[in-house]
Amino acid sequence: RILDLPRLMQALLPELAHRLRASGIRLYRPFVLGLQSGPSCTLQRSQTGDLVARAGLPEDSAPYDMVHLADGELARAILGAVTASDVLDRAPISPSARVRRIFSALFAERCPHMYLPDRY
């Protein structure tokens, strides 16, 4: 269970920024990625390339990308226990291709030893 998603994302910012740079994906405009899993959090990349985490969702009417996930699914993505596409395929609302690229860069598979078949 994720108790405080905004604090968790704030603590992970250096790692997430590194993952985004290392992924090599080209983002031609800043993004605002809303993560909703019980509590809500917004990850935002500014014009300067800085990554910022904020509690809640943007209040303005500007469009932003949104990912709705169950607590367990988001936790598995954060830990890198599964591929991002597996997590996003289980989302109740299918995200756009842009969201999939950003989410896959931020929450890439990191721990292959955590797969279900390894428990047997």
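Keep in mind that the model is predicted. The chain has 4 helices and 4 strands, and from the N terminus on they come in the order α-β-β-β-β-α-α-α. Of its 120 residues, 39% are buried.

**The chain as a whole**

- Take the contacts between residues at least 6 apart in sequence: 62% of them join residues at least 24 apart.
- The chain exposes about 7,100 Å², and carbon and sulfur atoms supply 53% of that area.

**The sheet**

- The 4 strands form an open sheet in the order β3-β2-β1-β4, and the pairing is mixed.
- β3 and β4 sit at the edges with a single partner strand each, so one side of each has no neighbour in the sheet.
- On average, neighbouring strands here are turned by 20° against each other, ignoring direction.
- In general, strands of a sheet pair through backbone hydrogen bonds, either parallel or antiparallel.

**A closer look at β1**

- β1 pairs with β2 in the antiparallel sense, over 5 bridges, and V32 stands opposite Q44 in β2.
- The hairpin of β1 and β2 has 3 residues between the strands, and G38 takes a positive phi there, near 75°.
- With β4 (residues 65–68), β1 pairs in the parallel sense over 4 bridges; here Q36 stands opposite H68 in β4.
- β1 is mostly covered, with 4 of its 5 residues buried.

**The nonpolar core**

- The largest nonpolar core has 30 residues, and M9, L33, L35, L43, F103, L106 and F107 are the ones with the most contacts inside it.
- α1 gives the most to the core, with 6 residues.
- L106 touches L16, R19, L20, L33, L43 and L51, leaving aside residues up to four places away in sequence.
- α4 lies across β1, β2, β3 and β4, and runs at about 65° to β4.

**Salt bridges**

- The whole structure has 6 salt bridges, and some of them share partners: E73, R76, D86 and R90 are joined into one network this way.
- E73 and R76 form one of the links, with their closest N and O atoms 3.9 Å apart. Both residues lie in helix α2, 3 residues apart, which is about one turn of the helix.
- E73 counts as buried because its relative accessibility is 16%, under the 20% cut-off. R76 is partly exposed, with a relative accessible area of 30%.
- E73 also meets R90 in a salt bridge (3.9 Å, N to O). R90 lies in the loop between α3 and α4 while E73 is in helix α2, so this pair ties together parts that are 17 residues apart in sequence. R90 counts as partly exposed, at 49% relative accessibility.
- R76 meets D86 in a salt bridge as well (3.5 Å, N to O). R76 is in helix α2 and D86 in helix α3, so this pair ties together parts 10 residues apart in sequence. D86 is partly exposed, with a relative accessible area of 24%.

Note on methods:
Residues are numbered from 1 along each chain as its sequence is written. This is a predicted model: local features need pLDDT of at least 70, side-chain atom pairs count only at pLDDT 80 or more; totals for chains, interfaces and linings use all residues. Side-chain values use heavy atoms; hydrogens and water are left out. A nonpolar core is a set of buried Ala, Val, Leu, Ile, Met, Phe, Trp, Tyr and Cys residues joined through side-chain atoms within 4.5 Å. Buried means under 20% relative accessible area, exposed over 50%, partly exposed in between (1.4 Å probe, protein chains only). Helices (H or I, at least four residues) and strands (E, at least two) are DSSP runs, numbered from the N terminus. Contact means heavy atoms within 4.5 Å. Two strands pair if DSSP finds at least two bridges between them. Accessible areas come from the Shrake-Rupley method with a 1.4 Å probe; for residues, only the protein chains shown count as cover. Axes are lines fitted to C-alpha atoms, for helices over the stretch in contact, and angles run from 0 to 180 degrees between N-to-C directions. A salt bridge is a side-chain nitrogen of Lys or Arg within 4 Å of a carboxyl oxygen of Asp or Glu.
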